[in-house]
Amino acid sequence: MKPASFERPVFYFSPSAYPASPRQTVLWTFFAVYVKTFFMRIPDNLKYDDKGLIPAVIQDWKTGEVLMVAYMNAESVRRTVETGLTWFWSRSRQKFWQKGETSGHVQRVKDVLYDCDQDTLLVKVDQTGPACHTGARSCFFRSFSGAGEEKKS
């Protein structure tokens with residue numbers, strides 16, 4: 001299988017003048033350079049269930065916080081790898097959906113891992129805005145220990 005890759009903007013910040021006094025202004029130049037940051041290969045041995053789905057745990061790549069869980073099929077895995085944005089299969093609507101396509105709360109993929117049984121994905125992302133449709137940062141804001149109280153972070 002040919003490795004899929006995607007391009008992502010990388011911003012370089014370069015001061016054009018170092019302030020010698022408080023009166024001077026620091027001018028910053030922003031260069032958006034599209035570079036190939038990932039070369040991902042989708043493993044051939046992923047195990048999908050009898051409906052062709054694999055669970056995907058979505059995790060914040062910096063904090064490790066679990067943001068949500070959704071399902072992917074082979075096509076949504078391919079779209080995720082090729083675009084660098086998360087794509088899922090909606091079991092209720094029976095169609096593909098890209099996280100943030102209507103809300104703008106996109107998930108930029110940093111890495112995709114799979115477990116020892118090859119039947120679950122861990123997708124590490126840079127989350128823009130809340131991940132949960134309720135407006136919470138994570139879909140996991142309800143706790144058994146909270147005596148029924150909900151904690152939105």
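1. β3 and β4 pair in the antiparallel sense over six bridges. Pairing here takes at least two DSSP bridges between the strands, and helices (H or I, at least four residues) and strands (E, at least two) are DSSP runs numbered from the N terminus.

2. **What you are looking at.** This is a predicted model, where local features need pLDDT of at least 70 and side-chain atom pairs count only at pLDDT 80 or more, while totals for chains, interfaces and linings use all residues. Residues are numbered from 1 along each chain as its sequence is written, and side-chain values use heavy atoms, with hydrogens and water left out.

3. **The main core.** The largest nonpolar core has 19 residues. For the record, such a core is a set of buried Ala, Val, Leu, Ile, Met, Phe, Trp, Tyr and Cys residues joined through side-chain atoms within 4.5 Å. Buried is under 20% relative accessible area, exposed is over 50%, and partly exposed is in between (1.4 Å probe, protein chains only). Those with the most contacts inside the core are A56, I58, M68, M72, F88, L121 and V123. Two or more residues come from each of β3 (54-60), β4 (66-72), α1 (74-83) and β8 (121-127). β4 gives the most, with four residues.

4. **L121 and its surroundings.** Which residues does L121 contact, leaving aside its neighbours within four places in sequence? With contact meaning heavy atoms within 4.5 Å, the list is L46, I54, P55, A56, V57, M72, V77, V112, L113 and Y114.

5. V112 belongs to strand β7 and counts as partly exposed, at 25% relative accessibility. Not counting residues up to four places away in sequence, V112 touches M40, L121, L122 and V123. Its C-alpha is 8.8 Å from that of V125, which is 13 residues away in sequence.

6. **Helix α1, end to end.** N73 caps the N-terminal end of α1, with a side-chain oxygen 3.2 Å from the backbone nitrogen of E75. The cut-off for a polar contact is a pair of N or O atoms within 3.5 Å; within protein, one must be able to donate a hydrogen and the other to accept it, and residues adjacent in sequence count only if both atoms are side-chain atoms. After α1 comes G84, whose phi is positive, near 80°.

7. **The buried side of α1.** S76, V77, T80 and V81 are the buried residues of α1. They are on the same side of α1 because they cover an arc of only 135° around the axis, the arc being that of the directions from the helix axis to the C-beta atoms.

8. S76 lies in helix α1 and is buried, at 0% relative accessible area. Its side chain reaches the backbone nitrogen of N73 at 2.7 Å. Leaving aside neighbours within four places in sequence, S76 is in contact with W87, F88, W89 and F96.

9. **Q127, another one.** The Q127 side chain reaches the backbone oxygen of H105 at 3.3 Å and that of G129 at 3.4 Å. Its contacts, leaving aside neighbours within four places in sequence, are L67, H105, V106, Q107 and R137.

10. Most residues other than glycine have a negative phi. Q94, in the loop between β5 (87-90) and β6 (95-98), has a positive phi of about 55° although it is not a glycine. Q118, in the loop between β7 (107-114) and β8, also has a positive phi, near 65°.

11. **Cysteines.** How many disulfides are there? Taking a disulfide as a pair of cysteine sulfur atoms within 2.5 Å, the count comes to zero. C132 is in no disulfide; the nearest cysteine sulfur, that of C139, is 3.6 Å away. C132 is buried, with a relative accessible area of 7%, whereas C116 is exposed at 70%.
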